Structure formats: C-alpha cells, structure tokens
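Please examine the sequence and the coordinates displayed below. The report that accompanies them is organised by topic.

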Amino acid sequence: KVNVGVGLIYNYISINYGAYGKYDQSIYGTHTYARYFITDGVFIQGQYDRLFQPGGSFFGKSDRIWVDYGMVGGGFRQPIGKKASLTTTIMYNLTPNLLSIYPSRLVIQFGFMSTF
C-alpha cells in the first residue's frame, strides 16, 4: 500500500529570440516522494523536490540558486504489465516561490513506475 521513491530531475530549455539572442538553461536536482494507495489504482502523494535553477536573472547563467518544492496531491495508476504502470499525478505546491519554475501552484505530472 505504500510506495516511496527517489530520483534525479534534469530539464534543458533552449529558446532562440532571433536578433535578441539565444537563451538556454539547465535545471537539475533531486526528487523524493511517498505514495499511499487507497485502492489498486488511486493514491495520495507527498513530494519534495530540490532544484538548482536560475535565480533572479534568467539571462545570467552564474546567478543560480537551490529552490525547495514541497507538494501534496493524488493520482491514478494504470498497469501496463505485472511489474510496471503509468501514473498521472495532480499536485499542489505548498511552498510557492517567486522563482518557481512552475507557472501555477497546481502541478500535473506523468510518470512511469516499476517494481523489482
């Protein structure tokens, strides 16, 4: 009934503004979560992410900081075999920050889950 996980996060962004130049940035960090399954397909989840990302100046690559994200929510699991499933999770960001990479406090995630 309980599932815990850890992982790494990496996002790369590249935007070409033409005459104004090109913007590219990497965001990376760690990810941990705990899920409790209410039924075989429905779960609640708590999640903590710590990301190394752009600070106040998105065009200054050296201006990078660590930002913490604490989220809670729930989701659904769809089995795709005996030991694997796809997940859809809707999370609420409890730690809003002006520098958040998420455009809203509501975060929707899609994932893959497997057991040993």
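## Basis of the description

The structure is a predicted model, in which local features need pLDDT of at least 70 and side-chain atom pairs count only at pLDDT 80 or more, while totals for chains, interfaces and linings use all residues. Residues are numbered from 1 along each chain as its sequence is written, and side-chain values use heavy atoms, with hydrogens and water left out.

## Overall make-up

The protein chain contains six strands and zero helices; strands (E, at least two residues) and helices (H or I, at least four) are DSSP runs numbered from the N terminus. The order of elements from the N terminus is accordingly β-β-β-β-β-β. The C-alpha trace spans about 50 × 25 × 25 Å along its principal axes.

Of the 116 residues in the protein chain, 33% count as buried, where buried means under 20% relative accessible area, exposed means over 50%, and partly exposed lies in between (1.4 Å probe, protein chains only). The protein chain exposes about 7,600 Å², of which carbon and sulfur atoms supply 64%; accessible areas come from the Shrake-Rupley method with a 1.4 Å probe, and for residues only the protein chains shown count as cover. Among contacts (heavy atoms within 4.5 Å) with a separation of 6 or more, 45% are between residues 24 or more positions apart.

## Strand pairing

Two strands pair if DSSP finds at least two bridges between them. Strand 1 (2–16) runs antiparallel to strand 2, with 15 bridges joining them. These two strands form a hairpin with five residues between them, and Gly18 in the turn has a positive phi of about 65°. Tyr10 has Tyr28 in strand 2 as its bridge partner, and Tyr28 in turn has the bridge partner Phe52 in strand 3.

Strand 2 (residues 22–37) is joined to strand 3 by 10 bridges, again in the antiparallel sense. A hairpin of four residues connects strand 2 to strand 3. Thr32 is bridged to Tyr48 in strand 3, and Tyr48 also stands opposite Gly70 in strand 4. Strand 3 (42–54) and strand 4 (residues 64–79) pair antiparallel over 13 bridges.

Is His31 buried or exposed? His31 belongs to strand 2 and, at 16% relative accessibility, counts as buried. Its side chain makes a polar contact of 2.7 Å with the side chain of Asp49; such a contact is a pair of N or O atoms within 3.5 Å, where within protein one must be able to donate a hydrogen and the other to accept it, and residues adjacent in sequence count only if both atoms are side-chain atoms. Leaving aside residues up to four places away in sequence, His31 touches Gly5, Val6, Gly7, Ile9, Gln47, Tyr48 and Asp49.

Val72 is placed in strand 4 and counts as partly exposed, at 38% relative accessibility. With residues up to four places away in sequence again not counted, Val72 touches Gln45, Gly46, Ile90, Met91, Tyr92 and Leu94. The C-alpha atoms of Val72 and Leu99 are separated by 19 Å, and these residues are 27 apart along the chain.

## Salt bridge

How many salt bridges does a search of the whole structure find? The search finds one, a salt bridge being a side-chain nitrogen of Lys or Arg within 4 Å of a carboxyl oxygen of Asp or Glu. The side chains of Arg50 and Asp68 meet in a salt bridge at 2.7 Å, N to O. Because Arg50 lies in strand 3 and Asp68 in strand 4, the pair ties together parts that are 18 residues apart in sequence. Arg50 is partly exposed at 30% relative accessibility, and Asp68 is partly exposed at 33%.

## Nonpolar surface patch

Val2, Val4, Tyr36, Ile38, Val42, Ile44 and Phe76 make a nonpolar surface patch of about 670 Å². Patches consist of residues with over 30% relative accessible area and no salt bridge; like charges are joined within 9 Å, and nonpolar side chains (Val, Leu, Ile, Met, Phe, Trp, Tyr) within 5 Å. Strand 1 and strand 3 each supply at least two residues of this patch. Phe76, which lies in strand 4, is exposed, with a relative accessible area of 52%.
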